[in-house]
Number of protein chains: 2
Amino acid sequence: MKLLKDRILKDGKVFDGNVLKVDNFLNHQIDVSLMKEIGEEFHRRFEGENVTKIMTIEASGIAVAAFTALAFGVPMVFAKKSKSTNIADSVYLAKVESFTHGRVYDVILSKEFLSNSDRVLIVDDFLARGNALHGLIDIVHQAGATLVGTGAVIEKGFQGGGDELRAAGIRHESLAVIESMAPDGDIVFRD
Amino acid sequence: MKLLKDRILKDGKVFDGNVLKVDNFLNHQIDVSLMKEIGEEFHRRFEGENVTKIMTIEASGIAVAAFTALAFGVPMVFAKKSKSTNIADSVYLAKVESFTHGRVYDVILSKEFLSNSDRVLIVDDFLARGNALHGLIDIVHQAGATLVGTGAVIEKGFQGGGDELRAAGIRHESLAVIESMAPDGDIVFRD
């Protein structure tokens, strides 16, 4: 998606530890006109798949999912990071390992909002190793729902999570795939 | 906002402890077509105020702010709940007391995204005692920005936070104000 790649080149900042900061348009401050285009691009890529629900994880996936759901004309749901040790029977639960924070956390989704008749598209802002997406896929399977595919706005291709999803036969679409980046160098996209 | 009130009556569930659950359309599963109307309603109420930025707090304010920002044609920012004790100089910080979780937490916003030239509309999904809004207002003041007003999708009028904002001279708009509710009774709106 050219508009997105141009914006990453213009505003993205690379820091040590494979960190790409795009928080002036994607995940702290949000350029909603760009986000609307992002939602429409996911719709173009997955239309015809009879998607019934867009799913993501709080917090920075919410705006991505909201505009994707708007383009599809379906509801969205977001899984919550749970701090509670008392998990109710009424929720699906998955474990997610956080690369950034170096710990495992629980994500939950109310069983009310996902059933075996749903056809789900999962979207998120970033894909690195794919841990968050794997947690969400686990929840889709627990619900007996159909996974249509997964989408990320930005994929850090060199961290392997996207290629692992594709190798597992999941239809994954990233709107920009970064092949390499360095704090004092260029950001290079995969073709 | 009639569409919203009708939806609260249809899908809202009242539980002990002044809890109104509307998580099948507002803050877990999200009906984005309703949310788009909500954003447009905030725009109708605050247009002509030269708003430059919509501000909210993660997580359930994000979708509200996203569609409000879309209607205004301006960016949105969301304050983050911080778990870190190391707060950088580069962020504004405010304390928020959580009624639900019974503790005080820090909310932060990068200084990059709010300046003294901004005219800010703060929005959130719920207003009870108003603690989250007060934290966000504090950040607007720290930035030297102008607070245009505050907005909530649902105000629990009987908990006083909205009236306190109005008494302080802040222009506050709620799209539905609940006057009273009970687990086995009716939900009554303020006129």
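Which residues does Q159(A) touch, not counting residues up to four places away in sequence? This is a predicted model, in which local features need pLDDT of at least 70, side-chain atom pairs count only at pLDDT 80 or more, and totals for chains, interfaces and linings use all residues. Residues are numbered from 1 along each chain as its sequence is written, chains are lettered from A in the order in which they are written, and side-chain values use heavy atoms, with hydrogens and water left out.

Select Q159(A), in the loop between β9 (146–156) and α5 (161–167) of chain A. Q159(A) touches N18(A), F99(A), A128(A) and R129(A); contact means heavy atoms within 4.5 Å. Q159(A) counts as buried because its relative accessibility is 16% (buried is under 20% relative accessible area, exposed over 50%, partly exposed in between, with a 1.4 Å probe and protein chains only).

Next, select helices α1 (residues 2–11) and α2 (residues 32–46) of chain A, whose axes come within 10 Å and cross at roughly 140 degrees. That angle makes α1(A) oblique to α2(A) (under 35 degrees is roughly parallel, over 145 roughly antiparallel, 65 to 115 roughly perpendicular, and the rest oblique). Show L3(A), L4(A) and R7(A) of α1(A) with L34(A), E37(A) and I38(A) of α2(A), which make the contact.

Move to chain B and select L4(B), R7(B), I8(B) and D11(B), which are buried in helix α1 (residues 2–11). These residues lie on the same side of α1(B), because they cover an arc of only 100 degrees around the axis. Finally, select K2(B) and K10(B), exposed residues on the face of α1(B) turned away from its buried side.

Terms used
Axes are lines fitted to C-alpha atoms, for helices over the stretch in contact, and angles run from 0 to 180 degrees between N-to-C directions. Helices (H or I, at least four residues) and strands (E, at least two) are DSSP runs, numbered from the N terminus. The arc is that of the directions from the helix axis to the C-beta atoms.
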